[in-house]
Amino acid sequence: MTDLYDPNRHDPNRGTPDGTAPETPGNRAGEPAGFGEGNPRTMPPAPVPAPGPAHAPAGADGGAWLPPVPDFVPSPEPARVPSGGEDADRIRIGLWGAPRSGKTTYLSALPIAAMQYRRHHEGGWNISGMTPEANAFLSQGIDLLTRQRTFPEATMGIRDMAWSVQGPQRKGKWGIGGRRPNFVLDIQDAAGEVFGDGHPQQAQLVGRLARAQGLIYLFDPLGDAEEATENFNFLQSTLTRLTAQVRDRQGLIGGKLPHHVSVCIAKFDHPDIFKPSAELGWAKQDTEGAALPRVPEEQGEQYFQWMCDEFRGSNARLVRDALYAYFDRRRISYYATSAVGFRLTPQHVFDYNDYVQPVQADTKQRLRTSPVPINVLEPLIDLEDRVHRDRSRERLANIRRGRKQR
């Protein structure tokens with residue numbers, strides 16, 4: 001059978017030893033042009049060229065032979081067609097907070113919280129780095145918090161990291177197995193000073209926040225009491241620039257920023273925060289396991305309101321007002337968060353008489369027991385779920401739009 005993809009199939013001199021055109025019906029003497037063309041009964045079969053040696057040099061058998069072309073990408077495994085595009089399974093999360101709000105410690109505690117998730121829930125989460133640098137950050141952070149029992153150094157400048165995150169299979173709508181979260185998390189971690197007005201790297205940071213789908217905002221009630229680390233000083237300027245950039249590319253939704261936001265009220269374990277919270281009934285203690293105290297998820301926003309109105313004061317109220325002004329209130333969730341958790345007894349149980357975790361030793365703050373993070377992984381899980389639902393709705397809308405245009 002003639003090779004339909006042979007680039008020389010239309011060569012009139014092909015298939016003859018002397019390179020002349022073969023005699024066919026319609027070019028014999030005395031016959032008109034086109035005689036017998038397209039008639040299988042009168043057209044003789046085309047001569048088949050004899051196979052030549054695979055590596056014959058040009059002219060060895062009267063024809064031109066090309067050397068074999070090597071594989072462009074030598075690989076033992078064939079590549080598959082990408083599904084959904086380069087960024088289909090990537091989620092960009094911006095980490096936001098004033099200086100010394102605990103951003104680097106929060107990131108270091110994430111893989112620990114993922115490993116401990118199984119203690120209180122079904123299934124587990126795994127976090128690994130997509131680059132050697134990301135893996136080194138994860139390993140060093142875990143080592144600092146668990147073996148050395150000390151805090152990591154604060155971030156200088158801006159650091160980008162990509163982590164692979166896999167979660168347990170979720171239940172579907174009718175109790176049948178649903179999807180299993182499996183995504184790449186792009187984290188932008190920046191020093192708190194970068195969020196300040198006039199910082200030379202602020203424009204670079206704002207551009208990255210604009211490309212993010214979700215934001216983890218660490219609100220530090222302790223740092224807010226100091227002028228140099230007031231939360232509002234490092235929030236308003238960045239929000240203004242972020243809104244302008246998203247507006248210019250027509251990305252605002254109803255005049256608000258499109259991001260989903262997890263507000264983490266940091267350092268929940270600190271006695272200056274935990275004691276008044278517990279005395280006023282915000283902290284509810286688990287009835288099993290380590291009996292850890294937490295602020296229930298459904299009370300997260302009210303707890304933040306109390307923190308702004310009564311505990312912290314006017315500057316904190318400005319933070320709350322700014323969040324409500326620039327983001328859709330329905331896209332904000334709230335968590336009382338502790339990256340290192342409480343000190344636990346040798347029986348691994350919370351004791352209200354002795355719960356303070358860090359102590360001063362050798363000019364450093366050190367942890368008394370291994371960390372048990374509280375509401376560190378949950379804000380990330382929530383953001384991933386909300387971003388996934390947004391993308392599902394957008395894909396469905398595009399399908400319906402395409403059907404209407406047909």
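1. A polar atom of the His-259 side chain sits 3.3 Å from the backbone oxygen of Ala-212.

2. Some ground rules. The model is predicted, so local features need pLDDT of at least 70 and side-chain atom pairs count only at pLDDT 80 or more, while totals for chains, interfaces and linings use all residues. Residues are numbered from 1 along each chain as its sequence is written, and side-chain values use heavy atoms, with hydrogens and water left out.

3. Where is His-259? It lies in the loop between helix 4 and strand 6 (260-265). Helices (H or I, at least four residues) and strands (E, at least two) are DSSP runs, numbered from the N terminus. His-259 has a relative accessible area of 1%, so it is buried. Buried means under 20% relative accessible area, exposed over 50%, partly exposed in between (1.4 Å probe, protein chains only). Not counting residues up to four places away in sequence, His-259 touches Leu-209, Ala-210, Ala-212, Gln-213, Leu-215, Leu-242, Val-246, Phe-327 and Arg-331. Contact here means heavy atoms within 4.5 Å.

4. Helix 4 covers residues 236-248. Its 13 residues should span 18 Å at 1.5 Å a residue, and the end C-alpha atoms are 19 Å apart, which agrees. The expected span is 1.5 Å times one less than the number of residues. Ser-237, Thr-238, Leu-239, Leu-242, Thr-243 and Val-246 are buried in this helix. Which elements do the buried residues of helix 4 pack against? They pack against strand 1 (90-97), helix 3 (202-211) and helix 7 (314-326). Just after the helix, Gln-250 has a positive phi of about 60 degrees.

5. Helix 1 (residues 103-116) meets helix 8 (residues 377-405): their axes come within 9 Å and cross at roughly 85 degrees. Axes are lines fitted to C-alpha atoms, for helices over the stretch in contact, and angles run from 0 to 180 degrees between N-to-C directions. The two helices are therefore roughly perpendicular, a label for angles of 65 to 115 degrees. Helix 1 supplies Tyr-106, Leu-110, Ala-113 and Ala-114; helix 8 supplies Leu-377, Pro-379 and Leu-380. By class, that makes 7 nonpolar, no polar and no charged residues. Ala, Val, Leu, Ile, Met, Phe, Trp, Tyr, Cys and Pro count as nonpolar, Asp, Glu, Lys and Arg as charged, and the others, Gly among them, as polar.

6. The axes of helix 5 (residues 271-279) and helix 6 (residues 300-312) come within 13 Å and cross at roughly 105 degrees. This pair, too, is roughly perpendicular. Asp-272, Ile-273, Pro-276 and Ser-277 of helix 5 meet Tyr-303, Trp-306, Met-307 and Phe-311 of helix 6. The contact has 6 nonpolar, 1 polar and 1 charged residues.

7. Cys-264 belongs to strand 6. Is Cys-264 buried or exposed? It is buried, with a relative accessible area of 0%. Its contacts include Ile-216, Tyr-217, Leu-218, Phe-219 and Pro-379.

8. Check the backbone at Arg-149, a residue other than glycine with phi near 50 degrees. Arg-149 is in the loop between helix 2 (132-147) and strand 3 (158-166). It is partly exposed at 30% relative accessible area.

Terms used
Parallel < 35°, antiparallel > 145°, perpendicular 65-115°, else oblique. Polar contact = N/O pair within 3.5 Å; in protein donor to acceptor, adjacent residues only side chain to side chain.
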